[in-house]
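Here is a short briefing on side-chain packing. Keep the structure open beside the text.

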Amino acid sequence: MSLKLLIKNFLKLFGYKFEKIKNSYNLLSEDILRNIFDKKQDLVIFDIGAHIGESSKKYNQLFDNAKIYSFEPSPESYKVLKTLNIKNLKIYNFGFSNKKSIEKFSVNIKSATNSLLSFSKIANKTWEINSLNNLKRIDCKFDTVDNFCSEEKINLIDFMKIDVQGAEYLVLEGAHDTLLNKKIKLIQLEVIIGYTYENQKSIGFYINLLESYGYRFINFSDSVFKTGKLIQSDLFFTI
């Protein structure tokens, strides 16, 4: 089955029509963002799970006047983030979860896979690689989106990207009030579908959860397939 047909069939299950942009069906997130926001807009952007700044650099290039908040719990990744010379970038050495606490955080061979969650026993088989292995677990700081927005007096987030390797549901739990009051205009959520982390949630879980807050699912981006199976995709939601 083609990617186009697979995605259209999936959307049909949930009553959605596929939004076609630039004649592409495996969209990149930047294509969607360019379609929604103007380059000169004064945007507030949350980059949750910033890693070493890949997304923050992209947002800086896409939007001239964006104020970017980057959150990364890993000390090593944070060191790299601090070296970035980006206008209006604020960097924080903590992650978001469902409570303010010190949590055990998995540091893995591939730093982009670091997570609050542990790998499943078949993670390497799912991704057809041999490098999804844990090195150690360390103590890292976590807070909630609700706490942070209250303390920093942030009343509106134009765009929030959440990429925390399977623990996205914990971030959303800690953003209950922010979501309830529609203080986030657009959400990009990485959803891992192939069994990679213990306790990861399904696409259906996230669609149902965000719909319960009045958000609607509008698009996919950056889909990853292995042996013809969709194992990861980013989902976009708006109010």
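F217 is buried, with a relative accessible area of 3%. F220 also counts as buried, because its relative accessibility is 3% and the cut-off is under 20%. F217 and F220 form an edge-to-face aromatic pair. This is a predicted model, and the points below cover its rings, cores and helices.

**Aromatic pairs**
- The rings of F217 and F220 lie 5.3 Å apart, centre to centre, with 85 degrees between the planes.
- The count of aromatic pairs comes to 22.
- F71 and Y92 form a stacked pair.
- F71 counts as buried, at 0% relative accessibility. Y92 counts as buried too, at 16%.
- Ring pairs join F46, Y69, F71, Y92, F94, F96 and F148 into a cluster.

**Nonpolar cores**
- The largest nonpolar core has 49 residues, and F46 and I48 touch the most other members.
- Strand β8 gives the largest share of this core, with 5 residues.
- A second, separate core holds 20 residues, including L43, F63, L89 and F236.
- What does F46 contact, leaving aside its neighbours within four places in sequence? The contacts are Y69, F71, F148, C149, I154, I157, F159, M160 and K161.

**Charge over rings**
- The charged end of K201 sits over the ring of Y169, 4.9 Å from its centre.
- The charged end of K201 also sits over the ring of F205, 5.5 Å from that ring's centre.

**Helix α9**
- Helix α9 spans residues 203–212, and its buried residues are I203, G204, Y206, I207 and L210.
- Why do the buried residues of α9 line one face of the helix? Seen down the axis, they fall within an arc of 165 degrees, so they share that face.
- G214 follows α9 and has a positive phi, near 90 degrees.

**Helix α2**
- Helix α2 covers residues 29–36, with S29, E30, D31, I32 and L33 buried.
- The cover over these buried residues includes helix α3 (54–62).
- Strands β7 (157–162), β8 (184–192), β9 (216–226) and β10 (229–238) are also among the elements covering the buried residues of α2.

Definitions and conventions: Residues are numbered from 1 along each chain as its sequence is written. This is a predicted model: local features need pLDDT of at least 70, side-chain atom pairs count only at pLDDT 80 or more; totals for chains, interfaces and linings use all residues. Side-chain values use heavy atoms; hydrogens and water are left out. Buried means under 20% relative accessible area, exposed over 50%, partly exposed in between (1.4 Å probe, protein chains only). Helices (H or I, at least four residues) and strands (E, at least two) are DSSP runs, numbered from the N terminus. Contact means heavy atoms within 4.5 Å. The arc is that of the directions from the helix axis to the C-beta atoms. A nonpolar core is a set of buried Ala, Val, Leu, Ile, Met, Phe, Trp, Tyr and Cys residues joined through side-chain atoms within 4.5 Å. Rings of Phe, Tyr and Trp (its six-membered ring) pair if their centres lie within 6.5 Å; planes under 30 degrees apart count as stacked, over 60 as edge-to-face and the rest as tilted. A charge sits over a ring if NZ of Lys or CZ of Arg is within 6 Å of the ring centre and within 35 degrees of the ring normal.
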